[in-house]
Amino acid sequence: MAEFPDFGKQCDVEICKQLDFLPFICNGCSGTFCLEHRSKSSHNCTVDDQKFKGDPSKTSVSNGFLECSLNECNSRELVPVLCEHCHKNYCLRHRHQVDHQCPGKDLCKEKKGRGGVRNESRAAKVALMKMKMKATGDGSIPQEERIYLRVLMPLGNKEREYPMYFSKYWTVGKVIDKIAVTARLKNDNNKAVAKKLRLFHGSSGDVLDLQNPLEHFQTQDDCPVLSGSTVVLEYVDEQCAQLLTNRDKYPT
């Protein structure tokens with residue numbers, strides 16, 4: 001796990017301290033525990049279950065799994081993914097505001113701040129584990145340089161998405177060219193035509209500047225692009241707006 005030196009936490013039980021790469025967060029005391037000590041009784045938790053507010057039937061913890069707060073969803077996750085606006089817990093599929101009809105402020109117009117970065121990072125790590133099993137990319141890229149992304153294809157494309165990895169030193173322009181070749185997309189970015197391929201942040205909808213390398217976006221508070229993040233590739237006018245306004249039309 002040298003590729004992810006910060007991935008994983010030690011169990012908070014003093015006599016244990018086991019390093020767990022999928023730790024359980026107690027919804028009572030907010031402590032971090034391994035599989036053996038995930039239950040309240042095993043770590044002597046004395047705090048009432050009040051961390052998650054809202055509909056108790058949809059924000060409960062079942063066998064160490066957190067249930068999605070969306071009424072029609074029965075998905076569960078190992079780690080909490082809290083919306084910073086409505087303060088409810090959701091699954092990875094419904095973590096974005098548009099996907100759970102959040103009554104809070106619009107993320108496309110509001111800076112997310114460090115709380116948003118933490119949620120993005122947590123969600124990206126969980127998605128990354130599934131993504132790495134089928135992602136494609138240039139095999140010559142060293143493991144420590146790789147950034148894995150879930151790439152949503154332009155609307156109308158036969159394939160809806162591609163899991164891919166790129167070098168963190170590649171510019172967004174080079175990343176777009178690589179995606180276009182892999183997905184066999186028409187790419188006229190170097191021609192004087194009306195439509196250009198542009199890459200957008202998956203949750204905020206912000207356009208990613210062509211000249212910046214991917215590692216630049218890893219430190220951005222408003223739209224971090226981390227290994228495991230989702231991005232959207234779309235054809236837009238050359239003088240496109242800074243936001244992808246129809247994010248709800250793409251896969252969640």
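Both Tyr148 and Tyr165 are buried; buried means under 20% relative accessible area, exposed means over 50%, and partly exposed lies in between (1.4 Å probe, protein chains only). This is a predicted model, in which local features need pLDDT of at least 70, side-chain atom pairs count only at pLDDT 80 or more, and totals for chains, interfaces and linings use all residues. Residues are numbered from 1 along each chain as its sequence is written, and side-chain values use heavy atoms, leaving out hydrogens and water.

**Aromatic pairs**

- The structure holds two aromatic pairs. Rings of Phe, Tyr and Trp (its six-membered ring) pair if their centres lie within 6.5 Å; planes under 30 degrees apart count as stacked, over 60 as edge-to-face and the rest as tilted.
- Strands (E, at least two residues) and helices (H or I, at least four) are DSSP runs, numbered from the N terminus.

**The sheet**

- Five strands form an open sheet with mixed pairing, in the order β8-β10-β9-β12-β11. Two strands pair if DSSP finds at least two bridges between them.
- The edges belong to β8 and β11; each has a single partner strand, so one side of each lacks a neighbour in the sheet.
- Helix α2 (residues 172-183) packs on the sheet and touches β8, β9, β10, β11 and β12. Contact means heavy atoms within 4.5 Å.
- The direction of α2 makes about 135 degrees with that of β10. Axes are lines fitted to C-alpha atoms, for helices over the stretch in contact, and angles run from 0 to 180 degrees between N-to-C directions.

**Strand β11 and its partner**

- Six of the seven residues of β11 (residues 195-201) are buried, so the strand is largely enclosed by the rest of the structure.
- β11 pairs with β12 (residues 229-237) in the antiparallel sense, over seven bridges.
- Leu197 stands opposite Tyr235 in β12, and Leu199 stands opposite Leu233 in β12.

**Thr136 in β8**

- Thr136 is found in strand β8 (residues 136-137). Thr136 counts as partly exposed, because its relative accessibility is 37%.
- Leaving aside residues up to four places away in sequence, Thr136 touches Pro163, Met164, Tyr165 and Thr182.
- The C-alpha atoms of Thr136 and Met164 are separated by 4.7 Å, though these residues are 28 apart along the chain.

**Salt bridges**

- A salt bridge is a side-chain nitrogen of Lys or Arg within 4 Å of a carboxyl oxygen of Asp or Glu. The count comes to four.
- Glu161 and Arg150 meet in a salt bridge (3.0 Å, N to O). Glu161 lies in β10 and Arg150 in β9, so the pair ties together parts 11 residues apart in sequence.
- Glu161 is partly exposed at 33% relative accessibility, whereas Arg150 is buried at 16%.
- Asp188 bridges to Lys186, with the closest N and O atoms 3.6 Å apart, and to Lys191, where they are 3.7 Å apart. Shared partners join Lys186, Asp188 and Lys191 into one network.
- Lys186 is exposed at 59% relative accessibility, while Asp188 is buried at 13%.

**Cysteines**

- The structure holds zero disulfides (a disulfide is a pair of cysteine sulfur atoms within 2.5 Å).
- Cys68 is in no disulfide; the nearest cysteine sulfur, that of Cys91, is 3.8 Å away.
- Cys68 is buried, with a relative accessible area of 1%.
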